[in-house]
Amino acid sequence: MISAISKAVSNPTLVNVAQNTDASVICKTTVNAIGRPGFILIDSNIDENTKKFAATKEFLYQATCLAVYMAVIVPIFKKGGFKFAKEKIFKNTEGFEHFKNFKEYTHYRKLADNINVNNRLQTLNKEISDKNCKVKDMYNETLIAELNKEKPEKFNSVKGAVDLSNIIGSVVGLALVAPQVSQALIHPVLRFVGLEKKEDKSIDTKA
Amino acid sequence: MSFINFIKNTCSKLGNNNKSIYPMIAIASANGICRPTFTMLKKGENPESKKYAALRELLTEVIAVPTYWVSGELMAKLGKQIASRATDIKIQKLEAQGQKLTEKVKTDMKSSAVKKGQAGLMLIGVCTAAGLIIPALCSVAVKPVMNKISPKKGLDIKENAVTPPAVLIPQQQITRPAFKNITQSGMKVGGV
């Protein structure tokens, strides 16, 4: 029983999501988009019409947050964070000099996380990159030497820099940008769905 | 220079152990500042209502920050215990099969499993907090606190509760008078 629970909890996908800032923020916002409207709908102290309206509004708000975060914040801060850290903060030191972009680092980190050295090297020899050449050829001597060690260097600063950038992006995206975008989008959508009446701006000229 | 060193240290620590509670706490803290500020900056609304709404938003985020932290850490502790026990069972099984494991291998297996278990359960804890615990706590705690703080007891105090626009309020149906056949009436229009 306990082994089964442990296996489920230590599932590699779940662990990857947990250690990845943007994935965990996406996960949390998705839960919010389901949970918050759900809580409004089961609240017995609010009348039916208010419930329907508030739940739809909350769902739209969370969905907009999610869309803005995934479409704008994640790509900008992931790429920008790596580039900024590489060039301005770490100035091509502490591991940044070995990688052109974060994708390359993620690939290396996955291999370095593999406990078995033989498995690690076999995987590296098998894999072929998008450019139809072996991934191994894209690795420099330092990285290959590290992968041959029992405990390879994981260059934590590289991952940390991107994670920090993602945290800043999450704050900017979810606390500053998304509420403004959703304010502009929610009311037209609510009107389109028929849950909100169009504002009547006509002036009574007969008076 | 020291600021750069601070950033470097933070990056190194985050890269080594990034917990899923960090971004959640950061977002909730930023929301606690930004949402009430945006509400107070809204134009054309009653100042008292604005104050009330801003206070309610602030309270929600004040509840959210410790809830994320406590639920994440508690679940991580649970994850540590589960993973540790499961690894012990696994080691016992392997040894029963005749495999000889050194102390170093055992320690490595355990620490790796514990790290994964903690990360997985912490994420589950954070998501549970976001989807269930925080909305539940808010619906229980915000109302009495707001009643004590705000003199406007009659105001809407439910989380996200909005007065529905007029289009949603059910209106009384107009009953049309029964249509009478024109040939049965005594008047003719148009001389036909």
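**Terms and values**

Analyst: In chain A, 70% of the contacts with a separation of 6 or more are between residues 24 or more positions apart; two residues are in contact if their C-beta atoms, placed from the backbone, lie within 7 Å. This is a predicted model, in which local features need pLDDT of at least 70 and side-chain atom pairs count only at pLDDT 80 or more, while totals for chains, interfaces and linings use all residues. Residues are numbered from 1 along each chain as its sequence is written, with chains lettered from A and ligands numbered from 1 in the order in which they are written.

User: What makes up the pattern of chain A, read along the sequence?

Analyst: The pattern is α-α-α-α-α-α-α-α-α, from nine helices and zero strands. Helices (H or I, at least four residues) and strands (E, at least two) are DSSP runs, numbered from the N terminus.

User: Why is chain A called more spread out than a compact globule?

Analyst: The globule rule is 2.2 Å times the number of residues to the power 0.38, and the radius of gyration is taken over C-alpha atoms. For 207 residues the rule gives 17 Å; chain A has 24 Å, well over that, so chain A is more spread out than a compact globule. Its C-alpha trace spans about 85 × 50 × 30 Å along the principal axes.

User: How do you know which part of chain B gives the largest share of the side that touches chain A?

Analyst: By the contact criterion, 53 residues of chain B meet 52 residues of chain A. H4(B) supplies 15 residues of that side of chain B, the largest share.

User: What makes a set of residues a nonpolar core?

Analyst: The set must consist of buried Ala, Val, Leu, Ile, Met, Phe, Trp, Tyr and Cys residues joined through C-beta atoms within 7 Å. Buried means that 20 or more other C-beta atoms lie within 10 Å of a residue's own (exposed: 12 or fewer; partly exposed: in between), with C-beta atoms placed from the backbone. The largest such core has 66 residues, and A:Tyr69, B:Met122, B:Leu123 and B:Val126 have the most contacts inside it. H4(B) gives the most to this core, with 14 residues. A second, separate core has five residues, including A:Ile40 and A:Phe53.

User: Which residues does A:Tyr69 touch, not counting those up to four places away in sequence?

Analyst: Among them are A:Val25, A:Ile26, A:Gly173 and A:Leu174.
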